[in-house]
Amino acid sequence: MTQVSNQKSLKSIFAITLMAATLGLTACSTPVDPDVKARQDIMKNFGDAMKVMGGMAKEPDTFDADVFKEQAAFLAEESKNPWSHFNNKDAAGNAKEAVWSNVDGFKAEAESFQKATAELNAAAQTATSIDDVMPAFKPVGDSCKSCHTDFQVEKD
């Protein structure tokens, strides 16, 4: 009799665990608005590129002109892409209301970022050391920070 009871308990524990896992996976796969996902993916790629270049800035001995040039070119090209994904106010994601209430300010930030990445890309194309790109690298980071301060919900 004890063995039957243990088997039922194990089956119950297994069933509860399976249901919890299923619910957890369902919650994780909740669809995100395509615009929110697109801009988040683009911004993540921006961050990845900045980390590669930032690593070289922190450790100048690791500077690789070809890699830096590639990352800078990527940023300059992609800098045009996320802004069209902010058209739907209902797809706010991590964007503050200011994106839509201060359209001119948001547009100015986007243009500033595009200009900064273009200048970084231009500097990177002929760079032979980290010193050649540092004057153009800092404004890109400053642009990211400025836009996030004004237009992105703070993360905990």
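Helix α6 bends by about 35° at Ala136, and a proline, Pro139, follows within four residues; the bend is the angle between axes fitted to the seven residues ending at a residue and the seven starting there. The model is predicted, so local features need pLDDT of at least 70 and side-chain atom pairs count only at pLDDT 80 or more, while totals for chains, interfaces and linings use all residues. Residues are numbered from 1 along each chain as its sequence is written, and side-chain values use heavy atoms, with hydrogens and water left out.

**Helix α6**
- α6 covers residues 130-151, 22 residues in total; helices are DSSP runs (H or I, at least four residues) numbered from the N terminus.
- From first C-alpha to last, α6 reaches 31 Å, close to the 32 Å expected at 1.5 Å a residue; the expected span is 1.5 Å times one less than the number of residues.
- Ile130, Val133, Ala136, Phe137, Val140, Ser143, Cys147 and Phe151 are the buried residues of α6 (buried: under 20% relative accessible area, 1.4 Å probe, protein chains only).
- These buried residues pack against α2 (34-58), α3 (65-78), α4 (98-101) and α5 (103-125).

**Ser143**
- Ser143 lies in α6 and counts as buried because its relative accessibility is 4%.
- Apart from neighbours within four places in sequence, Ser143 is in contact with Glu109, Ser112 and Phe113 (contact: heavy atoms within 4.5 Å).

**α2 against α6**
- The angle between α2 and α6 is about 135°, and their axes are 11 Å apart; axes are lines fitted to C-alpha atoms over the stretch in contact, and angles run from 0 to 180 degrees between N-to-C directions.
- α2 and α6 are therefore oblique to each other (under 35 degrees is roughly parallel, over 145 roughly antiparallel, 65 to 115 roughly perpendicular and the rest oblique).
- Met50, Met53, Gly54, Met56 and Ala57 of α2 meet Ile130, Met134, Phe137, Val140 and Gly141 of α6.

**α2 against α3**
- α2 and α3 pack at about 150°, with axes 10 Å apart, which makes α2 roughly antiparallel to α3.
- On the α2 side the contact includes Ile42, Asn45 and Phe46, and on the α3 side Val67, Phe68 and Gln71 are among the partners.

**Helix α5**
- α5 has 23 residues and reaches 33 Å from its first C-alpha to its last, close to the expected 33 Å.
- Its buried residues are Phe106, Glu109, Ala110, Phe113, Ala116, Thr117, Leu120, Asn121 and Ala124.
- The cover over the buried residues of α5 includes α2, α3, α4 and α6.

Technical notes: Helix = DSSP H or I, 4+ residues; strand = E, 2+ residues; numbered from the N terminus. Buried < 20%, exposed > 50% of the residue type's maximum accessible area, 1.4 Å probe, protein only.
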